[in-house]
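Let's walk through this structure together, one region after another. Have the sequence and the 3D view open side by side as you read.

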Amino acid sequence: MTVDRLGVGESAHIVGVDGEPSYRRRLMEMGLVPGTSIENCGRSPLGDPTAYRVRGMILSLRSADAALIRVEPG
């Protein structure tokens, strides 16, 4: 499952980040590393981007970027 499939209010744990190495590194530098919990806080009025709570901060990710982050529910 990927982060873009989380419904509003749902949370999960990150298990991996896919994509091009330089872009994967950028996402991981923002705190999106395996073992971290992530919660969908809400979508923008047009549906993209979506706000996620990670490590106590709010990140806004486009759907294409969120599709690169693999998670497991819980």
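**A turn to start from**

Arg 55 sits in the loop that links strand 3 and strand 4; helices (H or I, at least four residues) and strands (E, at least two) are DSSP runs, numbered from the N terminus. Although Arg 55 is not a glycine, its phi is positive, at about 55°. Its relative accessibility is 58%, so Arg 55 counts as exposed. In these terms, buried means under 20% relative accessible area, exposed over 50%, and partly exposed in between (1.4 Å probe, protein chains only).

A word on the model before going further. This is a predicted model, in which local features need pLDDT of at least 70 and side-chain atom pairs count only at pLDDT 80 or more, while totals for chains, interfaces and linings use all residues. Residues are numbered from 1 along each chain as its sequence is written, and side-chain values use heavy atoms, with hydrogens and water left out.

Now step back to the whole chain. Its secondary structure consists of two helices and five strands, and along the sequence these follow the pattern β-α-β-β-β-α-β. The radius of gyration is 11 Å, close to the 11 Å that the globule rule gives for 74 residues, so the chain is as compact as a globular protein of that length. Here the radius is taken over C-alpha atoms, and the rule is 2.2 Å times the number of residues to the power 0.38. The C-alpha trace spans about 30 × 25 × 20 Å along its principal axes. Of the 74 residues, 31% count as buried.

What holds the most contacts inside the largest nonpolar core? This core has 15 residues, and those with the most contacts inside it are Val 3, Ile 14, Leu 32, Ile 38, Tyr 52, Ile 69 and Val 71. A nonpolar core is a set of buried Ala, Val, Leu, Ile, Met, Phe, Trp, Tyr and Cys residues joined through side-chain atoms within 4.5 Å. Strand 1 (11-17), strand 3 (50-54), strand 4 (57-61) and strand 5 (69-73) each supply at least two residues of the core, and the largest share, three residues, comes from strand 1.

Setting aside neighbours within four places in sequence, Ile 69 is in contact (heavy atoms within 4.5 Å) with Met 1, Thr 2, Val 3, Ile 14, Gly 16, Leu 27, Leu 32 and Leu 61. Across the chain, residues 24 or more positions apart account for 57% of the contacts with a separation of 6 or more.

Next, look at the segment before strand 1, where Asp 4 is found. With 23% relative accessibility, Asp 4 counts as partly exposed. Not counting residues up to four places away in sequence, Asp 4 touches Arg 43, Tyr 52, Ser 63, Ala 66 and Ala 67.

Two loops remain to visit. Gly 19 is in the loop between strand 1 and helix 1 (21-29), and at 34% relative accessibility it counts as partly exposed. Beyond its neighbours within four places in sequence, Gly 19 is in contact with Arg 24 and Leu 68. In the loop between strand 2 (37-43) and strand 3 you will find Pro 49. A cis peptide bond joins Asp 48 to Pro 49, with omega about 15°.
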